[in-house]
Amino acid sequence: MASSMRSLFSDHNRYVESFRRFLNSSTEHQCMQEFVDKKLPGITASSHGVHPLFFQIWIGDRKSEIKILSIGGGAGEIDLQILSKLQTQYPGIHINNEVVEPSAEQIAKYKELVAKTSNLENIKFAWHKETSSEYQNRIREKKEFQKWDFIHMIQMLYYVKDIPATLKFFHSLLATNAKMLIILVSGNSGWDKLWKKYGTRLPQDDLCQYVTSSDLTQMLDKLGIKYECYDLLSTMDISDCFTDGNENGELLCDFLTETCNFNTTAPPDLKAEIMKDLQESEFSVKKEGKVLFNNNLSFIVVEA
């Protein structure tokens, strides 16, 4: 690996911008919205006769309050979609929503979103500026092992050093019949292929590790934790990556490779290999003149 290559996480502003371009170019949030709209109501259903694909659990049955813990809540877009769906399903019920998020910038955006969103009167919000590891340490030190009805970890386990320990800890915080939702890239996504083939040739960073749903389900199996896994289709339009000098394409290449200024710092042979592979069928599909990277997501529902 050329010494001039460095992790995208070494340049916070460029990382934030590349992530924004990724969201604009992908169906990531639309995919999550589809899950929240179509699958979540069944997962959180309290009535009988729900489609067998779904779960029949806790919420609404003799409960006056729903306790939700969001780990890595980010700017809150998906959190508020989840909360809105629960409000629709259980009108009038009080919701206690606590958020663990290490970025002050993201927490500020989350609070702005809450401030301009209507119909949140029955929801109490609390934010904790800390990583999931810091949260675990604080809870252990204070011995305040509160139980939660619903815990969710959306696209955040890449930033955890000891994933099995993290899974075990948060699983222990689930109340009777509660659920934990984990969202991350699918084991059949282009990310899995990209990381396995090129991970050792790209900048390594302590902040992030390559993990997909295939890795996660193996960990859950070893821990003896029950779960269900659903895959939903998602794509990312990377067409601009193949136009020299295209700013959007360069930022998307940075995001794909987690490399700051990949196009100008990567060795020519590595760049040529990756750019060729990104157009192959195991990574992407070509449709209507566009190159759509396989951004499939897995939604793993863990049982208490």
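Me: Is Lys179 buried or exposed?
Reply: Lys179 counts as buried, because its relative accessibility is 5%. Buried means under 20% relative accessible area, exposed means over 50%, and partly exposed is in between (1.4 Å probe, protein chains only). Keep in mind that this is a predicted model, where local features need pLDDT of at least 70 and side-chain atom pairs count only at pLDDT 80 or more, while totals for chains, interfaces and linings use all residues. Residues are numbered from 1 along each chain as its sequence is written, and side-chain values use heavy atoms, with hydrogens and water left out.

Me: OK, and what does Lys179 form a salt bridge with?
Reply: Its partner is Glu303, with the closest N and O atoms 3.9 Å apart. A salt bridge here is a side-chain nitrogen of Lys or Arg within 4 Å of a carboxyl oxygen of Asp or Glu. Lys179 lies in strand 5 and Glu303 in strand 10 (residues 297-303), so the pair ties together parts that are 124 residues apart in sequence. Glu303 is partly exposed, at a relative accessible area of 25%. Helices (H or I, at least four residues) and strands (E, at least two) are DSSP runs, numbered from the N terminus.

Me: How many salt bridges are there in the whole structure?
Reply: A search of the whole structure finds 11. One of them joins the side chains of Glu130 and Arg138, at 2.6 Å from N to O. Glu130 counts as buried, with 9% relative accessibility.

Me: Which residue does Arg201 meet in a salt bridge?
Reply: That's Glu273, at 3.1 Å, N to O. Arg201 is in the loop between helix 8 and helix 9 (213-223), and Glu273 is in helix 12, so this pair ties together parts 72 residues apart in sequence. Arg201 is partly exposed at 30% relative accessible area, and Glu273 is partly exposed at 32%.

Me: Which residues are linked in a network of salt bridges?
Reply: Glu17, Arg20, Arg21 and Glu247 are linked that way.

Me: What does Asp79 touch, then?
Reply: Leaving out residues up to four places away in sequence, Asp79 touches Ser70, Gly73, Val99, Tyr110, His152 and Ile154. Contact means heavy atoms within 4.5 Å. Asp79 itself sits in helix 4 (residues 77-89).

Me: Switching to helix 8. Which of its residues are buried?
Reply: In helix 8 (residues 190-198), the buried ones are Gly190, Trp191, Asp192, Leu194, Trp195 and Tyr198. Their cover includes helix 1 (12-25), strand 5 (174-185), strand 7 (235-237), helix 10 (247-257), helix 12 (268-277) and strand 9 (290-294).

Me: How many aromatic pairs does a search of the whole structure find?
Reply: It finds 20. Phe22 and Trp191 form one that is edge-to-face, 6.5 Å centre to centre with 75° between the planes. That pair links distant parts of the chain, with Phe22 in helix 1 and Trp191 in helix 8, 169 residues apart. Rings of Phe, Tyr and Trp (its six-membered ring) pair if their centres lie within 6.5 Å; planes under 30 degrees apart count as stacked, over 60 as edge-to-face and the rest as tilted.

Me: And why is the pair of Trp191 and Trp195 tilted?
Reply: Because their planes are at 40°, with the ring centres 5.7 Å apart. Both lie in helix 8, 4 residues apart, about one turn of the helix. Trp191 and Trp195 also belong to one aromatic cluster, whose members include Phe9, Tyr15, Phe19, Phe22 and Phe293.

Me: How many bridges join strand 1 to strand 2?
Reply: There are 7, and strand 1 runs parallel to strand 2 (residues 94-100). Ile66 has Ile95 as its bridge partner in strand 2. Strand 1 (residues 65-71) is mostly covered, with 5 of its 7 residues buried.

Methods: Two strands pair if DSSP finds at least two bridges between them.
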